[in-house]
Amino acid sequence: MYNEYIEEEYSSFSFLLMTINEKYVQILLPTLSPCRKKKFKGGFGYSFPCPFCGATNATLKPLEGSFQWVFACEAGMKRGPASCRCGIPMNLNAFIGNWNPPLQRKYEKEQGEWRRSL
Ligand SMILES: [Zn+2]
(Lines give C-alpha, C1' and ligand atoms only; values in the text may rest on other atoms or scores of the structure.)
Protein backbone atom coordinates (compact mmCIF):
# COMPACT_ATOMS: atom_id res chain seq x y z
CA MET A 1 0.00 0.00 0.00
CA TYR A 2 1.24 3.45 -0.83
CA ASN A 3 2.09 5.26 2.36
CA GLU A 4 2.07 8.98 1.74
CA TYR A 5 3.28 9.86 5.21
CA ILE A 6 6.42 7.71 5.01
CA GLU A 7 7.10 8.91 1.50
CA GLU A 8 6.86 12.51 2.62
CA GLU A 9 9.03 11.97 5.67
CA TYR A 10 11.66 10.28 3.55
CA SER A 11 11.77 13.01 0.96
CA SER A 12 11.98 15.77 3.54
CA PHE A 13 14.85 13.95 5.22
CA SER A 14 16.66 13.66 1.87
CA PHE A 15 16.12 17.33 1.34
CA LEU A 16 17.47 18.23 4.78
CA LEU A 17 20.46 15.97 4.36
CA MET A 18 21.14 17.63 1.02
CA THR A 19 20.99 21.01 2.74
CA ILE A 20 23.30 19.88 5.56
CA ASN A 21 25.74 18.36 3.07
CA GLU A 22 25.87 21.57 1.07
CA LYS A 23 26.40 23.59 4.21
CA TYR A 24 29.35 21.42 5.27
CA VAL A 25 30.84 21.50 1.78
CA GLN A 26 30.82 25.30 2.07
CA ILE A 27 32.51 25.07 5.49
CA LEU A 28 35.20 22.76 4.08
CA LEU A 29 36.00 24.70 0.91
CA PRO A 30 38.15 27.46 2.48
CA THR A 31 40.38 24.73 3.96
CA LEU A 32 40.87 23.14 0.52
CA SER A 33 42.70 25.81 -1.36
CA PRO A 34 43.31 26.63 -4.10
CA CYS A 35 39.87 25.34 -4.96
CA ARG A 36 38.16 25.60 -8.35
CA LYS A 37 34.47 25.18 -9.08
CA LYS A 38 33.89 22.59 -11.79
CA LYS A 39 30.90 21.11 -13.60
CA PHE A 40 30.47 17.34 -13.14
CA LYS A 41 27.79 14.90 -14.27
CA GLY A 42 25.94 15.22 -10.96
CA GLY A 43 26.20 19.03 -10.83
CA PHE A 44 28.75 21.61 -9.69
CA GLY A 45 31.58 20.35 -7.54
CA TYR A 46 35.13 21.38 -6.69
CA SER A 47 38.67 20.43 -7.56
CA PHE A 48 41.66 21.16 -5.31
CA PRO A 49 45.01 19.71 -4.18
CA CYS A 50 44.47 16.53 -2.15
CA PRO A 51 44.63 17.40 1.59
CA PHE A 52 46.08 13.94 2.33
CA CYS A 53 48.81 13.41 -0.28
CA GLY A 54 49.19 16.83 -1.92
CA ALA A 55 48.48 15.57 -5.46
CA THR A 56 46.84 18.24 -7.58
CA ASN A 57 43.84 16.29 -8.82
CA ALA A 58 41.35 15.70 -6.02
CA THR A 59 37.64 16.41 -6.32
CA LEU A 60 34.60 16.80 -4.13
CA LYS A 61 31.44 16.47 -6.16
CA PRO A 62 27.76 15.62 -5.89
CA LEU A 63 26.96 12.01 -6.70
CA GLU A 64 24.67 11.84 -9.71
CA GLY A 65 21.02 11.20 -8.82
CA SER A 66 21.59 11.49 -5.07
CA PHE A 67 22.03 14.04 -2.29
CA GLN A 68 25.40 12.55 -1.36
CA TRP A 69 28.83 14.06 -2.07
CA VAL A 70 31.96 12.08 -2.91
CA PHE A 71 35.62 12.91 -2.39
CA ALA A 72 38.16 11.23 -4.66
CA CYS A 73 41.89 11.72 -5.21
CA GLU A 74 43.04 10.58 -8.64
CA ALA A 75 46.65 9.95 -7.57
CA GLY A 76 45.64 8.19 -4.35
CA MET A 77 43.29 5.88 -6.22
CA LYS A 78 46.00 4.95 -8.74
CA ARG A 79 48.27 3.93 -5.87
CA GLY A 80 45.48 1.88 -4.31
CA PRO A 81 43.71 1.58 -0.97
CA ALA A 82 46.85 0.73 1.02
CA SER A 83 48.79 3.82 -0.05
CA CYS A 84 47.26 6.49 2.16
CA ARG A 85 43.96 7.83 3.37
CA CYS A 86 43.01 8.98 -0.12
CA GLY A 87 43.35 5.52 -1.77
CA ILE A 88 39.58 5.01 -1.94
CA PRO A 89 36.70 7.40 -2.67
CA MET A 90 34.88 8.64 0.43
CA ASN A 91 31.41 9.95 1.06
CA LEU A 92 31.17 13.35 2.70
CA ASN A 93 30.96 11.94 6.23
CA ALA A 94 34.14 9.85 5.80
CA PHE A 95 35.95 12.74 4.14
CA ILE A 96 35.09 15.15 6.96
CA GLY A 97 36.13 12.46 9.48
CA ASN A 98 39.55 12.07 7.87
CA TRP A 99 40.17 15.72 7.26
CA ASN A 100 38.57 17.41 10.25
CA PRO A 101 37.35 15.04 13.03
CA PRO A 102 35.91 17.79 15.28
CA LEU A 103 33.83 19.02 12.33
CA GLN A 104 32.58 15.47 11.74
CA ARG A 105 31.21 15.35 15.28
CA LYS A 106 29.27 18.56 14.56
CA TYR A 107 28.07 17.18 11.23
CA GLU A 108 26.77 13.98 12.81
CA LYS A 109 25.17 15.87 15.68
CA GLU A 110 23.41 18.19 13.27
CA GLN A 111 22.10 15.27 11.21
CA GLY A 112 20.76 13.67 14.38
CA GLU A 113 19.03 16.90 15.40
CA TRP A 114 17.35 17.22 12.00
CA ARG A 115 16.23 13.63 12.12
CA ARG A 116 14.64 14.09 15.52
CA SER A 117 12.94 17.31 14.47
CA LEU A 118 10.98 15.58 11.69
ZN1 LIG B 1 45.55 12.09 -2.37
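Which residue in β5 does Val-70 stand opposite? I looked it up: Val-70 faces Asn-91.

Ground rules first. I'm working with a predicted model, where local features need pLDDT of at least 70, side-chain atom pairs count only at pLDDT 80 or more, and totals for chains, interfaces and linings use all residues. My residue numbers run from 1 along each chain as its sequence is written.

Strands here are DSSP runs (E, at least two residues), numbered from the N terminus. I call two strands paired if DSSP finds at least two bridges between them.

Next I went for the whole sheet. I found an open sheet of 5 strands, ordered β1-β2-β3-β4-β5, with antiparallel pairing. β1 (36-40) and β5 are the edge strands, each pairing on one side only.

Then I checked the pairs. β2 (residues 43-48) is joined to β3 by 3 bridges, antiparallel, and I noted Tyr-46 with Leu-60 in β3 as bridge partners. β3 (residues 58-62) and β4 are antiparallel too, over 5 bridges; there Thr-59 has Ala-72 in β4 as its partner. β4 and β5 (residues 90-91) pair antiparallel over 2 bridges.

I also looked at the turn. β3 and β4 make a hairpin with 6 residues between them, and Gly-65 in that turn has a positive phi of about 70°.

Last entry: burial. I count a residue as buried if 20 or more other C-beta atoms lie within 10 Å of its own, with C-beta atoms placed from the backbone. In β4 (residues 69-73), 4 of the 5 residues are buried, so I put it down as mostly covered. For β3, 4 of the 5 residues are buried, so the rest of the structure largely encloses it.

Terms used. A residue is buried if 20 or more other C-beta atoms lie within 10 Å of its own, exposed if 12 or fewer, and partly exposed in between; C-beta atoms are placed from the backbone.
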